[in-house]
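User: I would like to learn how to read the features of a model such as this one. Please take me through them in turn.

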Amino acid sequence: MILLCLFAGCAKKENSALYDAVNGEPAGEDIQIQQYLAYHNIKAQKDPSGLYYQVIAYGDSINRISLENVPYMIYTRRLMDNTFIDGSIGATDFDGRKLKDHIAGWQIGLQKITKGGKILMIIPSGLGFGKIAVDKIPANSILVCEAELVDFK
C-alpha cells in the first residue's frame with residue numbers, strides 16, 4: 001500500500017493512466033472542473049453522476065425530454081482551455097438520434113431542463129467520450145457544453 005502511494009505521488013501530472021479508483025475518471029478532474037468554475041465565476045451544481053451544470057433558462061416547465069425522444073437543440077462544445085470543438089448553426093436533431101444515443105453528460109443534463117430551456121454543462125471525461133479520442137476531442141477530455149433544447153419529438 002505504501003509503495004502504491006509513493007508511486008502515485010511521483011507520477012507526472014500529465015500521466016492520464018492514473019485514474020480515480022472510485023469513479024474511473026482521470027485523477028484530479030473534479031479539482032480541474034472546480035478551478036474552471038471558480039476562474040470563470042460560474043455558479044454550478046454538481047449532479048451525483050459528477051456532471052456540473054448551470055441552468056440558464058428552465059424552459060416552459062411542462063415538456064420534459066426523455067431518453068427515447070429525439071432532441072432538436074442548438075449547442076456549442078469546447079474543451080476547458082476554450083478550444084472550440086463544434087457547434088450547431090440553428091437547431092439540429094443529429095440525424096434523428098435519440099437522447100439515449102448521445103453521451104451520458106447530455107443525457108443527464110438535458111433532462112434537467114424543459115422545452116425552450118438552456119443549460120451549461122461541464123462534463124467529466126467519464127460522462128463524455130472517456131478514454132477514446134473522437135475527431136477533435138482528445139481522450140480523457142472534460143467538455144464544456146452549452147445547449148438549448150429547442151424542441152424534441
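Predicted model: local features only at pLDDT ≥ 70, side-chain atom pairs only at ≥ 80, totals over all residues.

User: In what order do the six strands lie in the open sheet?

Analyst: The general idea comes first: strands of a sheet pair through backbone hydrogen bonds, either parallel or antiparallel. Here the order is β1-β2-β5-β6-β3-β4, with antiparallel pairing. At the edges stand β1 and β4, each of which pairs on one side only.

User: How many bridges join the paired strands β3 and β6?

Analyst: Nine bridges join β3 to β6 (residues 143–152), and the two strands run antiparallel.

User: Which residue in the turn between β3 and β4 has a positive phi?

Analyst: That residue is N82, with a phi of about 75°. Four residues separate the two strands of this hairpin. The hairpin of β1 and β2 has five residues between its strands, and there G50 takes a positive phi near 110°.

User: Which side chains of β3 point to the buried face?

Analyst: In a regular strand the side chains alternate between the two faces of the sheet. In β3, the side chains of P71, M73, Y75, R77 and L79 point to one face and are buried.

User: How many aromatic pairs are found in the whole structure?

Analyst: A search finds three. One of them joins Y75 and F94: the ring centres are 5.3 Å apart and the planes make 40°, a tilted arrangement. This pair links distant parts of the chain, since Y75 belongs to strand β3 (residues 71–79) and F94 to the loop between β4 (84–87) and α3 (104–110), 19 residues apart.

User: Why is the pair of Y75 and W106 edge-to-face?

Analyst: The angle between the planes decides the class, and edge-to-face requires over 60 degrees. For Y75 and W106 the planes stand at 70°, with centres 5.2 Å apart, so the pair is edge-to-face. Because Y75 lies in strand β3 and W106 in helix α3, the pair ties together parts 31 residues apart in sequence. Y75, F94 and W106 form one aromatic cluster.

User: Why do Y75, F94 and W106 count as buried?

Analyst: The cut-off for buried is under 20% relative accessible area. Y75 counts as buried because its relative accessibility is 8%. F94 is at 13%, and therefore buried as well. For W106 the value is 2%, so W106 is also buried.

User: Which residues have the most contacts inside the largest nonpolar core?

Analyst: They are W106, L110, M121, I123 and L143, in a core of 23 residues. Each of β3, α3, β5 and β6 supplies at least two residues of this core, and the largest share, five residues, comes from β6. Beyond residues up to four places away in sequence, W106 touches M73, Y75, R77, F94, L99, M121, I123 and C145. There is also a second, separate core of nine residues, including I33, Y36, Y52 and L120.

User: Where is S141 found?

Analyst: S141 is in the loop between β5 and β6. Its relative accessibility is 10%, so S141 counts as buried. A polar atom of the S141 side chain lies 2.6 Å from the backbone oxygen of P138. Apart from neighbours within four places in sequence, S141 is in contact with L79, I123, P124, S125 and G130.

Key. Residues numbered from 1 in each chain as written. Heavy atoms only, no water. Phe/Tyr/Trp six-rings, centres within 6.5 Å; stacked < 30°, edge-to-face > 60°. Buried < 20%, exposed > 50% of the residue type's maximum accessible area, 1.4 Å probe, protein only. Pairing = 2+ DSSP bridges. Core = buried A, V, L, I, M, F, W, Y, C linked by side-chain atoms within 4.5 Å. Contact = heavy atoms within 4.5 Å. Polar contact = N/O pair within 3.5 Å; in protein donor to acceptor, adjacent residues only side chain to side chain.
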